Amino acid sequence: MRVIIYTGKGGVGKTSMAAATACKIAGSGKKVLVMSTDQAHSLGDSFGSKVNKVPLQLADNLYAMEIDTVYESEKSWGSLKDYFKQLLMLKGGSGIEAEELLVFPGLEELFSMFKILEVYESGEYDTIIVDCAPTGETLALLKYPERLSGMIKKVLPVKRAGVKLAGPVVEKVMKIPMPKDSVFEDIEYLMDKMQRLQDLMLNKDVVSLRVVTTPEKIVINEAKRNFTCLYLYHYNVDAIIVNHIYPAKAMEGYFNKWTKLQKDALQEIKESFSEVPRFYVELQQQELRTLEVLRKAGDSIFGEIDPDDILFKKEIYSIDNEGKCLKIYLPFADKEELRLEQDKNELVVGVGNESRKFPIPVEFAEKEISGAKFEDGYLNIKF
């Protein structure tokens, strides 16, 4: 099975590109599900059909669904949510207030990612196409499994042992209900699910991310930042889709001044993403909606190329030939925004507001960083 995730700045046409790709792959005879994790769903609008949380068949081999984050959240919380709600209502708060306080930022998005995992593990489809929320939200989604599962692994055993030993005393003195085993079981269940999700997302033979951009300076800069962060988290970006290109004829007259701007932008995309396959989509004479139009768009974008293939793969972490240097590929990163720390046998690498912690390779186990240099898009770390 393949999982292809479309991401990019809001308004660049991710939904249309995801829908067109799904139509193209379904036309080859593979069973495809295209799904949206964006809470402001527009997938149904693209197909001109009412799509909801249950996969709807739109054509031969083609299914679509819009993930209901509230429903997925309710399904995933279980005893854990009930316990938190019980704590919040101890001081006489209403049930509605408690419900509002239990809406943690980003948690609903994480549960929508669980739906992707659930569909993948069902094995029902050959390909899953995911129309993701705009860039910032997407990056938050992708880093949740790694960050939360690491924290829970360290905290959970201690807390569970503490509750068993001191729980009855604390409950009696403080009048605070202690979590039951079902709460810890829910946490362990979530932890296991996050680990499986992380394993899936990092499987470059299954998952590809595709960045959608437009030939505009602001959007290109956002695409570059997105690209860098995705590489920081070790995800495989296998294509760049350049949408909303104005045809030469459309640039005549009033829009003539845009000719050079678009030409320069397209050249920057070509130079910046030189290694990655790029696909160009001209502005159409009609909206990219309805099955017929989306099928034509899919054929026009990819031609003879099968969009279900892994179009590009690059090893992000590598060790030099002498075995003395760890190389981390961070395209478009600004040297001034890079941060590097060592915490025992883990490295903490940061780019701007994003950071990631990962184990130091066994080749450098028990060694300390002796120096680091950033050049040609690589962070070279010596031990």
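This is a predicted model: local features need pLDDT of at least 70, side-chain atom pairs count only at pLDDT 80 or more; totals for chains, interfaces and linings use all residues.

Colleague: How many helices and strands are in the protein chain?

Modeller: The protein chain has eleven helices and 15 strands. Of its 383 residues, 49% count as buried.

Colleague: Which residues touch the most other members of the largest nonpolar core?

Modeller: M35, I328 and L330, in a core of 64 residues. Helix α6, residues 107-122, contributes the most to this core, with seven residues. Another core, of 34 residues, lies apart from it and includes A20, I25, V32 and L43.

Colleague: And what does M35 touch, leaving out residues up to four places away in sequence?

Modeller: Its contacts include M65, I67, K115, I116 and V119.

Colleague: Switching to charges. How many salt bridges are there?

Modeller: The count comes to 17. One of them joins D299 and K24, with the closest N and O atoms 3.3 Å apart. D299 is in helix α11 (residues 291-302) and K24 is in helix α1 (residues 14-27), so this pair ties together parts 275 residues apart in sequence.

Colleague: Is K24 buried or exposed?

Modeller: K24 is buried, at 18% relative accessible area, while D299 is partly exposed at 43%.

Colleague: What about E118 and K115, where do they lie?

Modeller: Both lie in helix α6, three residues apart, which is about one turn of the helix. K115 is buried, with a relative accessible area of 11%, and E118 is partly exposed at 34%.

Conventions:
Residues are numbered from 1 along each chain as its sequence is written. Side-chain values use heavy atoms; hydrogens and water are left out. A nonpolar core is a set of buried Ala, Val, Leu, Ile, Met, Phe, Trp, Tyr and Cys residues joined through side-chain atoms within 4.5 Å. Buried means under 20% relative accessible area, exposed over 50%, partly exposed in between (1.4 Å probe, protein chains only). Helices (H or I, at least four residues) and strands (E, at least two) are DSSP runs, numbered from the N terminus. Contact means heavy atoms within 4.5 Å. A salt bridge is a side-chain nitrogen of Lys or Arg within 4 Å of a carboxyl oxygen of Asp or Glu.
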